[in-house]
Amino acid sequence: MAAALVLGSVCLMMLLADICAQENTRTEEFDVRPGGLEHSYTLSLGDNSCIFTYAAQGGTNEKWQISVGLSEDKQLFSCSIWRPQGKSYLFFMSFKAEVTKGKIEYSEAYSQGATTSLSDIPLKSSEYDVADTTVSHRPGSFSSSLSKLLIVAKRSHDEL
């Protein structure tokens, strides 16, 4: 009887931990559309948002994903944008990812390079700029290849 109670308690704690973890993240799929026009996609979690704005050319629509999350202590907000189905064949004319209610502490942008390999290659720091709340392409230096963008921001708190 005691073993069943302990096992039940452990299962309940694992279930609650899983539910809490799900409440701290959101992931959605969206289409990156070519045609040279600027498009935006926003995903929010609580009062924090990640806004991905881009213009791309070539090919057809591609399925991408955007994910946002909060750390357990709710001090950090993360935003990830990527193409899970493999290499992107679109040429990005521009990109910008913006976080609200926080200041960027870390970011990294990746391309897949010219090879057929699916491994991500970090963009050169000369290809993009990082400001307090945005990561964006650097005109004239960006290679037009993007496969993944990662951002971690320290959340801002309202003063009482």
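**Entry 1: the sheet**

I began with the strand order. Six strands make an open sheet, in the order β1-β4-β5-β11-β7-β8. The pairing is antiparallel. I then looked at the edges, where β1 (25–32) and β8 (121–122) stand. Each has a single partner strand, so one side of each is left without a neighbour in the sheet. I note here that this is a predicted model.

**Entry 2**

Strand β5 covers residues 76–82 and strand β11 covers residues 148–155. The two run antiparallel, and seven bridges join them. I looked up one partner: L76 is bridged to K154 in β11.

**Entry 3: the whole chain**

I find one helix and 11 strands in the protein chain. The protein chain has 160 residues, and 36% of them are buried. The accessible surface of the protein chain is about 9300 Å². Carbon and sulfur atoms hold 57% of that surface.

**Entry 4: aromatic pairs**

I turned to the rings. How many aromatic pairs are there? The count comes to six. I looked at F30 and F52, whose ring centres are 6.2 Å apart, with the planes at 65°. Planes over 60 degrees apart count as edge-to-face, so this pair is edge-to-face. F30 lies in strand β1 and F52 in strand β3 (residues 48–57). The pair therefore ties together parts that are 22 residues apart in sequence. Are F30 and F52 buried or exposed? Both F30 and F52 are buried.

I then took Y54 and F92. Their ring centres lie 6.2 Å apart and their planes are at 65°, so this pair is edge-to-face. Y54 sits in strand β3, and F92 in strand β6 (residues 91–99). This pair ties together parts that are 38 residues apart in sequence. Y54 and F92 are both buried.

I asked which residues form one aromatic cluster. They are F30, Y41, F52, Y54, W64 and F92.

**Entry 5: a charge over a ring**

Last, I looked at K148. K148 lies over the face of Y110, at 5.5 Å from the ring centre. K148 falls within β11, which spans residues 148–155.

Key:
Residues are numbered from 1 along each chain as its sequence is written. This is a predicted model: local features need pLDDT of at least 70, side-chain atom pairs count only at pLDDT 80 or more; totals for chains, interfaces and linings use all residues. Side-chain values use heavy atoms; hydrogens and water are left out. Two strands pair if DSSP finds at least two bridges between them. Helices (H or I, at least four residues) and strands (E, at least two) are DSSP runs, numbered from the N terminus. Rings of Phe, Tyr and Trp (its six-membered ring) pair if their centres lie within 6.5 Å; planes under 30 degrees apart count as stacked, over 60 as edge-to-face and the rest as tilted. Buried means under 20% relative accessible area, exposed over 50%, partly exposed in between (1.4 Å probe, protein chains only). A charge sits over a ring if NZ of Lys or CZ of Arg is within 6 Å of the ring centre and within 35 degrees of the ring normal. Accessible areas come from the Shrake-Rupley method with a 1.4 Å probe; for residues, only the protein chains shown count as cover.
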